[in-house]
Amino acid sequence: MLQPIKNWLVKNAVLLSIVFTILVAIASLVKPTSFPKTGVSFSDKIAHTAIYFILTILWLFSMMKQKVSQYPFSKIGIAILLLVIGYGIFIEFLQDTLTDYRSFDYYDMLANTLGACLGFLIFRGFQQQIVNLKSVENSMLDKN
């Protein structure tokens with residue numbers, strides 16, 4: 001039962017990455033209705049770290065799935081890492097300039113950066129298993 005879900009996720013990795021990126025922006029810019037503002041919240045920073053961890057993993061997997069293998073992973077991976085960190089900083093500036101109910105927070109930027117870096121490092125550590133998943137996908141496509 002999980003195989004069709006796994007196949008769908010692999011085939012639609014870029015779409016999933018784009019949708020998740022848009023959802024991060026929306027969630028970061030909408031007015032919070034049930035979240036009281038209480039200074040530096042530890043659980044809020046964990047959420048930021050987790051979201052940017054997932055965002056980084058999604059984009060790394062998406063780009064690895066694409067035929068961009070003419071570049072070494074380190075170049076692609078570093079570019080994605082820097083883009084995700086830049087995206088987090090950009091969102092913080094947007095919160096400060098576009099809304100009057102959200103504010104710029106250095107701790108959020110730090111949590112976002114930590115999540116992106118952890119995502120990069122863990123992805124890098126599991127890169128061989130992910131390459132094996134890609135070769136399984138390619139063999140499935142060859143059979144069709």
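Is G115 buried or exposed? G115 counts as buried, because its relative accessibility is 0%; buried means under 20% relative accessible area, exposed over 50%, and partly exposed in between, with a 1.4 Å probe and protein chains only.

1. Basis of the note. This is a predicted model, in which local features need pLDDT of at least 70 and side-chain atom pairs count only at pLDDT 80 or more, while totals for chains, interfaces and linings use all residues. Residues are numbered from 1 along each chain as its sequence is written, and side-chain values use heavy atoms, with hydrogens and water left out.

2. Overall make-up. The chain has six helices and zero strands, and its elements run α-α-α-α-α-α from the N terminus. Helices (H or I, at least four residues) and strands (E, at least two) are DSSP runs, numbered from the N terminus. Of the 144 residues, 35% count as buried. The chain exposes about 9,200 Å², and carbon and sulfur atoms supply 70% of that area; accessible areas come from the Shrake-Rupley method with a 1.4 Å probe, and for residues only the protein chains shown count as cover. Among contacts with a separation of 6 or more, 84% are between residues 24 or more positions apart. Contact means heavy atoms within 4.5 Å.

3. Nonpolar core. The largest nonpolar core has 21 residues, and those with the most contacts inside it are Y52, L55, I80, V84, Y87 and I91. Such a core is a set of buried Ala, Val, Leu, Ile, Met, Phe, Trp, Tyr and Cys residues joined through side-chain atoms within 4.5 Å. Two or more residues each come from α2, α3 (42–65), α4 (73–98) and α5 (106–125). Helix α4 gives the largest share, eight residues. Leaving aside neighbours within four places in sequence, I80 is in contact with T56, W59, L60 and M63.

4. G115. This residue is found in helix α5. Beyond its neighbours within four places in sequence, G115 is in contact with T49, Y52 and F53. G115 and I85 are 30 residues apart in sequence and 9.1 Å apart in space, C-alpha to C-alpha.

5. Salt bridges around K45. A search of the whole structure finds three salt bridges, a salt bridge being a side-chain nitrogen of Lys or Arg within 4 Å of a carboxyl oxygen of Asp or Glu. K45 pairs with D44 (2.8 Å, N to O). D105 also forms a salt bridge with K45, at 3.1 Å between the closest N and O atoms. That pair links distant parts of the chain, 60 residues apart: D105 is in the loop between α4 and α5, K45 in helix α3. For D108 and K45 the closest N and O atoms are 2.4 Å apart; D108 is in helix α5, 63 residues from K45. Shared partners join D44, K45, D105 and D108 into one network.

6. Helix α2. S28 lies in helix α2 and is buried, at 12% relative accessibility. A polar atom of the S28 side chain lies 2.7 Å from the backbone oxygen of V24. Apart from neighbours within four places in sequence, S28 is in contact with I91, Q95 and R102. I18 is also placed in helix α2 (residues 13–29), but is partly exposed, at 37% relative accessibility.

Conventions. Polar contact = N/O pair within 3.5 Å; in protein donor to acceptor, adjacent residues only side chain to side chain.
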